[in-house]
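I set out to record what I looked up in this structure, entry by entry. I began with backbone geometry and then turned to helices.

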Amino acid sequence: MPMKSSSLAFFLFLSWSLTVVAQRPASYYITADRIFDGEVMHEGWAVIVEHDKIAAAGPKEKIKGPVGAIRISNANTTLVPGLIEGHSHLFLYPYNITDWSTQVLKESDSYRTARATVHAKNTLMAGFTTTRDLGTEGAGYSDVAVKRAIEEGIIPGPRMLVAGRAIVATGSYGPKGYDTDMHIMSGAEAADGPDLVRVVRDQIGKGADVIKVYADYGWGPHGDIQPTFSLEELKTIVETARSSGRPTVAHATTREGMRRAVLAGVETIEHGDLIDVELGKLMKEHKVTYFPTVAASEAIAQYDGWVKDKTPEPQSIIDKKKSFKEALQSGVTMGMGGDVGVFAHGENVREMELMVEYGMNALEVLKAATSVNARAFHLDGLVGSIKEGMKADLVIVTGNPAVTISDLRMVVFVMKNGVVYKQEGAALDK
Ligand SMILES: [Zn+2]
């Protein structure tokens with residue numbers, strides 16, 4: 001019976017690997033010097049976790065740990081809700097290792113999926129328990145499969161919202177620069193006009209949680225960035241997605257691309273390199289959340305030769321700093337998402353550090369990566385804050401990230417759905 005013994009061996013391997021990766025859910029009584037609940041920093045608080053949920057959170061004198069609860073308490077630490085990455089590409093890795101076109105054209109989906117499983121683990125271990133992954137860039141619906149493997153506990157990784165292939169206008173997207181006789185696969189699915197209805201529905205059917213559309217892109221041999229879809233086309237995409245209960249989100253860097261996307265009803269704008277006060281106000285009026293992806297802009301400038309703090313800032317960075325300030329000034333809701341994948345997975349905090357460097361208050365950045373992102377992604381009943389009934393996604397870091405945002409790099413404890421994935425030097429007793 002070779003079949004039976006091999007499946008038994010696989011089962012044993014699976015149970016063994018899961019116990020190595022994660023402890024089984026139990027009851028926990030967790031304290032830290034500070035507890036950030038998603039909105040406010042508290043001192044003298046405790047959190048109770050039972051099974052996969054937060055059973056209670058509040059001042060220690062009001063919170064009693066259940067009998068037999070595992071107690072977790074570390075000196076000089078802050079407990080925060082599991083962080084939410086707002087813009088990742090688990091199927092990409094830094095372009096200074098392998099450029100984007102080569103990853104898309106020459107690497108098989110299975111090779112890229114193998115890498116993605118490691119990227120997912122690195123994301124979780126960095127304290128990011130949820131991610132919105134905005135396109136596989138040529139790896140089809142492999143994100144739907146990775147999401148499933150994480151949900152089933154086969155591999156460790158963050159809770160995922162996935163976009164699948166994403167939608168681009170014909171002729172706009174890469175890889176580019178090949179003889180026009182060649183058929184070159186695209187990094188996203190091209191569609192136009194009335195066909196957009198079919199494509200949106202097809203993507204939803206194959207597992208997309210969000211529809212991602214490229215509202216502008218570099219066109220033609222010189223690649224100048226111009227709007228892609230008409231306002232009507234964008235409305236078609238948004239309405240088709242919305243009727244199935246799914247949001248549409250837009251890559252947009254030009255003012256006209258952003259304007260059309262906002263008027264069409266997208267829920268988030270990604271990058272927005274040329275955002276100004278006026279557009280920020282328009283976005284605010286339409287309840288659109290802005291994801292500046294500063295870390296990607298900085299990474300790409302550095303891959304192009306910029307040495308930060310040594311060589312003069314390139315125009316792209318000068319523009320990015322200016323537009324970031326204008327966005328803050330406009331009062332638009334700022335989300336946190338770095339376009340990680342352009343830079344290394346597990347380095348997600350880099351976006352938060354740069355948001356502070358570009359002028360945002362550290363506590364506001366913490367909110368962006370927790371309660372604000374949760375609301376923007378319709379997950380605020382589930383994650384992004386520490387209160388009774390929420391999923392037990394909890395992260396402990398050394399120090400105080402509301403003062404020094406980089407303290408988020410000193411992760412000592414990661415819990416997702418009540419399961420402990422990381423525990424470093426934490427006091428732990430029954
Ligand atoms: Zn992206």
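Entry 1. Before placing any residue, I noted that helices and strands here are DSSP runs, numbered from the N terminus. I also noted that the model is a predicted one.

Entry 2. I looked up Ala-166 and found it in the loop between strand 10 (159-162) and strand 11. Its phi is positive, about 70°, although Ala-166 is not a glycine. Is Ala-166 buried or exposed? I counted 23 other C-beta atoms within 10 Å of Ala-166. Because a residue with 20 or more such atoms is classed as buried, Ala-166 is buried.

Entry 3. I then looked up Asn-417, another residue other than glycine with a positive phi, here near 55°. Asn-417 sits in the loop between strand 21 (411-416) and strand 22 (419-423). It has 20 C-beta neighbours inside 10 Å and therefore counts as buried.

Entry 4. Which residues does a cis peptide bond join? I found that the bond links Gly-174 and Pro-175, with omega about -5°. Pro-175 belongs to the loop between strand 11 (167-168) and strand 12 (189-190).

Entry 5. I examined helix 7, which covers residues 255-264. Its buried residues are Gly-257, Met-258, Arg-260, Ala-261, Val-262 and Ala-264. I asked what covers the buried residues of helix 7. Among the strands are strand 14 (216-219), strand 15 (224-227), strand 16 (248-252) and strand 17 (268-271). The cover also includes helix 6 (231-242) and helix 8 (277-285). Just after helix 7, I noted that Gly-265 takes a positive phi of about 105°.

Entry 6. I turned to a pair of packed helices. Two packed helices are described by the angle between their axes and the distance between the axes. Helix 3 (residues 109-125) packs with helix 4 (residues 142-151) at an angle of about 40°, and their axes are 10 Å apart. That angle makes helix 3 oblique to helix 4. The crossing of helix 3 with helix 4 is right-handed. Which residues make the contact? From helix 3 I listed Asp-109, Arg-112, Thr-113, Ala-116, Thr-117 and Ala-120. From helix 4 I listed Ser-142, Val-146 and Ile-150. I sorted the residues of this contact into four nonpolar, three polar and two charged.

Entry 7. An α-helix has 3.6 residues a turn, so residues three or four places apart point the same way.

How values were computed: Residues are numbered from 1 along each chain as its sequence is written. This is a predicted model: local features need pLDDT of at least 70, side-chain atom pairs count only at pLDDT 80 or more; totals for chains, interfaces and linings use all residues. Helices (H or I, at least four residues) and strands (E, at least two) are DSSP runs, numbered from the N terminus. A residue is buried if 20 or more other C-beta atoms lie within 10 Å of its own, exposed if 12 or fewer, and partly exposed in between; C-beta atoms are placed from the backbone. Two residues are in contact if their C-beta atoms, placed from the backbone, lie within 7 Å. Axes are lines fitted to C-alpha atoms, for helices over the stretch in contact, and angles run from 0 to 180 degrees between N-to-C directions. Angles under 35 degrees count as roughly parallel, over 145 as roughly antiparallel, 65 to 115 as roughly perpendicular and the rest as oblique. A crossing is left-handed if the near helix is turned anticlockwise from the far one by less than a right angle, and right-handed if clockwise. Ala, Val, Leu, Ile, Met, Phe, Trp, Tyr, Cys and Pro count as nonpolar, Asp, Glu, Lys and Arg as charged, and the others, Gly among them, as polar.
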